[in-house]
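Work through the exercises below with the coordinates open. Try each task before reading its solution.

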Amino acid sequence: MAAPNTSEATDARTAPVAVWQVLERMSKEELTEWRVTEIQNRPSVEDRNLDIGFPFGWYPMLLSSELAVGEVKALRYFGQELAIWRGEDGEVRMMGAYCLHLGAHMGHGGKVHGNMLECPFHAWRYDGNEGVVKEIPYSESIPPRVQKPCKKTWHITEKNQLIWAWYHPEDAAPLYDVLDLPEASDPNWTEFDECEWRIWGSLQNVAENGVDFAHFKYVHGTADVPEAEMEFGEWDRRGIVRAKMGTPKGVVDGEIASVSQGPGQNWVRFSGICETLLVACLTPVDEDHLHVRYFYTQPKEQAEGMVGRVAKAIIADVNKQLDQDKVIWDRQKYQPRPIICHGDGPIAKFRMFYAKYYAEGDGKPRHLQPKEAATA
Ligand code: FES
Ligand SMILES: [Fe+2]
């Protein structure tokens, strides 16, 4: 991700930038398709060093509006098949999709019975809170093994118009909360404007982009590397970029404040020309597959007023920057010991911080730090 440039900006982006040549060959329709089309015959997860598991945290599953009362949906995230449903009490529940009886996928054809999920194969009924079978309509008894609470419970919450699930590979309870973004439920702000991608790479590589200062010039074509301040808290990462932005009314001081709470809650506030909140939803599907949905909201009086055209241009430009990064991320290998040079930004510091989002003790290589950390 990088600073937005409006079409009128004093944007001294300089062609030719290598990845633009890939993107410029596509028509608008081809680009839309390219954003979500799977790359076939890509190198294995092991060849790309992406077999490092998934960082734990809260992740967006669906928009709240995408799951009605009584509805069941199939999802695949964190390398798992999942079934998610909304009970008659309005609460969302989720569990592994495969039925413990004879293995039907309950995300396909399963139905909601009260607040339980009923398997489409023989109607066993699951209570998602405990992952146990509460009813088998044709049987006089329930096998004891499925009466015991399962150790896996998916913690679910709804905030910012989204359904969030807590992922932890060892099933630890949530260590922090989903933060509230007031704009996301403010009636004076626009409905979410959405753009969707599939990235054929890892969340960690994508997250590292924000501290990779040198790429801004060579991927996004900025004239200079923007001045950025980075801060790392207990679970959060914060960055502020201040940049001059060109507008029809002259140059204004723009500010881009990005916050990540854990690996899965990411948002960016743009100010200066038109206030914009981007809720960036990035959820791992597999170790080399990330589902990305960007949701934007802006104050109605700005988006529908004088600066409406600029407001739209901000959104289009941020989307374009993700396209540019995607060209790299789709093929990128994770270098556990990268060779870092002066001017690269705090990549080593970022990796040291990001390692805290992984569960301890599974022997994965993610904790290796670059040898040149001291000079980066
Ligand atoms: S496979 Fe689910 S009830 Fe039989
Ligand atoms: Fe970028």
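This is a predicted model: local features need pLDDT of at least 70, side-chain atom pairs count only at pLDDT 80 or more; totals for chains, interfaces and linings use all residues.

**Exercise 1. Which residues coordinate the iron ion (ligand 2), and how are they spaced along the chain?**

Step 1. List the donors. They are Asn209 (OD1), His215 (NE2), His220 (NE2), Asp325 (OD) and Asp325 (OD), at 2.1 to 2.4 Å.

Step 2. Read the spacing. The donors of the iron ion follow N-x5-H-x4-H-x104-D.

Step 3. Check burial for two of the residues. The cut-off for buried is under 20% relative accessible area. Asn209 has 6% relative accessibility, so Asn209 counts as buried. His215 is buried because its relative accessible area is 8%.

**Exercise 2. Describe the pairing and burial of strand β10 (residues 162–167).**

Step 1. Find the partners. Strand β1 (residues 57–63) pairs antiparallel with β10 over six bridges. Here Leu63 has Leu162 as its bridge partner. Strand β9 (residues 156–159) also pairs antiparallel with β10, over four bridges. Ile156 is bridged to Ala165.

Step 2. Look at the turn. β9 and β10 form a hairpin with two residues between them, and Asn160 in the turn has a positive phi of about 55°.

Step 3. Assign the faces. Leu162, Trp164 and Trp166 are buried on one side; Ile163, Ala165 and Tyr167 are buried on the other. Six of the six residues of β10 are buried.

**Exercise 3. In what order do the three strands of the open sheet lie?**

Step 1. The order is β2-β3-β4, with antiparallel pairing. The edge strands are β2 (72–77) and β4 (92–96).

Step 2. Neighbouring strands are turned by 30° against each other on average, direction ignored.

Step 3. Six bridges join β2 to β3 (residues 80–86). Val72 stands opposite Trp85 in β3.

Technical notes: Residues are numbered from 1 along each chain as its sequence is written. Chains are lettered from A and ligands numbered from 1 in the order in which they are written. Side-chain values use heavy atoms; hydrogens and water are left out. Two strands pair if DSSP finds at least two bridges between them. Axes are lines fitted to C-alpha atoms, for helices over the stretch in contact, and angles run from 0 to 180 degrees between N-to-C directions. Donors are N, O and S atoms within 2.8 Å of the metal (3.2 Å for Na, K and Ca); water is not among the atoms, so sites may look incomplete. Buried means under 20% relative accessible area, exposed over 50%, partly exposed in between (1.4 Å probe, protein chains only).
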